[in-house]
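Open the model in your viewer and keep the selection panel to hand. The tour below goes from one selection to the next and says what is there.

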Amino acid sequence: MQHFDVIVVFVVLVFILISLYKDLLGAAFTFFVAVMVLGFFGVLTPSEILAGFANEQIAVIMMLLLLGDAIRQISVIEIFFSRIFPRTSGYRGFLSRIMFWIGGFSAFLNNTPLVAVMMPYVHNWSKRNNISPSKLLLPLSYAAILGGCVTLIGTSTNLIVNGMVIDQTIFPDMEPLRMFDFFWVGFPMLIIGFLYLFFFAHKLLPDRGAIGTGITGSERKYLVEALVRKSSKLVGKTIDESGLSNEKGLFLAEVVRGKFTFQVFDKDFILEGGDLLRFAGESEDIANLLSDDRGLTLPSVGMMSKLKRADVVEIVISHNSSLISKLVKDVNFRGKYDSVLLAIHRNGERVQGKLEEVKLKAGDVILLLGGDDFVSRSQDSMDFYLISKVKEVRKPERYKVWTLFGGTLLAIFLSALNIIPLFMGLLVVLVVINILKVVDAKDLPKNIDYNLAVIIALSLALGTAMIKTGVADMIADFMISIFYPLGNVAVLSGIYIITTILAAYITNKAAVAIVFPISLTAAHSLGLNPLPFALVVSFAAAANFLTPIGYQTNLMVYGPGGYNFKDFFKIGWPLTIIYMVVTVVILSYMYL
């Protein structure tokens, strides 16, 4: 019967490899079918199949994802990024900031929402500085991957491996992985990866337009006015020094000073407090002025700048509108529609004079900043039609920021000191942010990645089957017979190579599920410390640079950057080789 069980497990492994490589059923359903077959033939008992769902690390991963989504909801990361990433600078300067900040944040926060929030900034910066987004989006993903490998909680892959360490029976006395067990390889590779991308990314990456460029609908030019505050850092600077002449998304058309309008000026024109700057720009660039930190104010916004949440929307004046021929200042957008006018576009025609003095016409396209009641007040209006929502503007309250960030960091810190388990710390943070209404409790369950939980739990069951039937022993003995004559370092290298290839083509979670029991069995057969054999699987699976499907952030930038598989391989394989050498050398020196 044991012989038959071995055959069943091997058939299931082949099925998993083919299904994931060909993307036949999807990862979650593939593992479901595989474990169902193992249960049907009696290889696994129902309790062994369900044991993975009680694993503490699955709950930790889910809670970290929820906290990451809560941070995204209150927009604090977006506000922070808008301040630390310069609007204009050199390519390498911007790339350095991406590596430093995204790499650093990814060590302690889920990197998927970080990359999602950062992508618009990369696109906007690329457009303003006339650099292809394809030169930056892939380094953005790699920075998130490199940073995630520095700590236990930096990536779900590390937590999955830790869950397997806790569940395994090969080394009964093996302790769970600690927060900074990954640091000694992860941090040096963060530095090495930074240097590699800093010096070689520009040469190796394609100069390619992003998907979606050339769509004329987003190229509508609006007229917008911004006031230079008396306290602005722009006061006393020339147009050239202020950087306003280099704003690719916004063109400075006029400067109004008192009764005088300067339509023609050189780059040495000195700005003063109270100057009214009139820009021509696209909708998204104008929306970004709302969070400008240089001391520019949109005078039309007024008290609506204090709203906790607002939407920037595009509307078009209808042909039978009651607004036609009215001055902007007489319309009272604030009172009638809970909104204010930000900018105006009149097709092919230059808008003259101050915005508040403009007489509206049918067909005018207007950018509005709308409050909570905008939709309810405007939905039955025949005065205009809603075209699109450009951007959501949020101003998080300080107590929400401190509760969410402070609580998360405190939980991580206390866990690192072994004062309280990470599970309990994160659980307390989630309870507190719900009590204080930092986020809407009803929205949290919507953001749980149930597929991920199923994949992890069933991966643990697959590992149990491989160990129970002796399949892990067979494969481990085969690997040892090949690599052991070359030494222990060669065994670690072989495990790394097999794991990274599987992760590149069938996802990193599946690679961990298959290779982890083999790796620990090899350590047991050789009588070696199991810790480096657990860590090498984690690094090889998580540090995946070879293909877009190998890691979720690679897949996120794949389409928007206009990349193909060859682009990933071209820049990814040298980094993969470097990562393998550094990992094997450091782990061998420390533990073997």
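Select Thr30 and Ser19 and show their side chains: a polar contact of 2.7 Å joins the two. This is a predicted model, and the distance is computed from its atoms. Thr30 lies in helix α2, which covers residues 27–40. Is Thr30 buried or exposed? Its relative accessible area is 0%, so Thr30 counts as buried, the cut-off being under 20%.

Beyond its neighbours within four places in sequence, Thr30 contacts Phe15, Ile16, Ser19, Leu20 and Leu25. Ile16 is 14 residues away from Thr30 along the chain, yet their C-alpha atoms are separated by 6.4 Å.

Next, select residues 450–469, helix α18, and residues 471–483, helix α19. Their axes come within 4 Å and cross at roughly 75 degrees. Angles of 65 to 115 degrees count as roughly perpendicular, and α18 and α19 are therefore roughly perpendicular to each other. To see where they meet, show Met466, Ile467 and Thr469 on α18 with Val471, Ala472 and Ile475 on α19. By class, this contact has 5 nonpolar residues, 1 polar and no charged ones.

Then move to the largest nonpolar core, which has 145 residues. Which of its members touch the most others? They are Leu462 and Tyr579. Select Tyr579: leaving out residues up to four places away in sequence, Tyr579 touches Leu146, Cys149, Val185, Gly186, Met189, Tyr496, Phe539, Ala543 and Phe545.

Last, select Tyr222, Val228, Phe279 and Leu298, which are among the 28 residues of a second, separate core.

Notes. Residues are numbered from 1 along each chain as its sequence is written. This is a predicted model: local features need pLDDT of at least 70, side-chain atom pairs count only at pLDDT 80 or more; totals for chains, interfaces and linings use all residues. Side-chain values use heavy atoms; hydrogens and water are left out. Helices (H or I, at least four residues) and strands (E, at least two) are DSSP runs, numbered from the N terminus. Buried means under 20% relative accessible area, exposed over 50%, partly exposed in between (1.4 Å probe, protein chains only). Contact means heavy atoms within 4.5 Å. A polar contact is a pair of N or O atoms within 3.5 Å; within protein, one must be able to donate a hydrogen and the other to accept it, and residues adjacent in sequence count only if both atoms are side-chain atoms. Axes are lines fitted to C-alpha atoms, for helices over the stretch in contact, and angles run from 0 to 180 degrees between N-to-C directions. Angles under 35 degrees count as roughly parallel, over 145 as roughly antiparallel, 65 to 115 as roughly perpendicular and the rest as oblique. Ala, Val, Leu, Ile, Met, Phe, Trp, Tyr, Cys and Pro count as nonpolar, Asp, Glu, Lys and Arg as charged, and the others, Gly among them, as polar. A nonpolar core is a set of buried Ala, Val, Leu, Ile, Met, Phe, Trp, Tyr and Cys residues joined through side-chain atoms within 4.5 Å.
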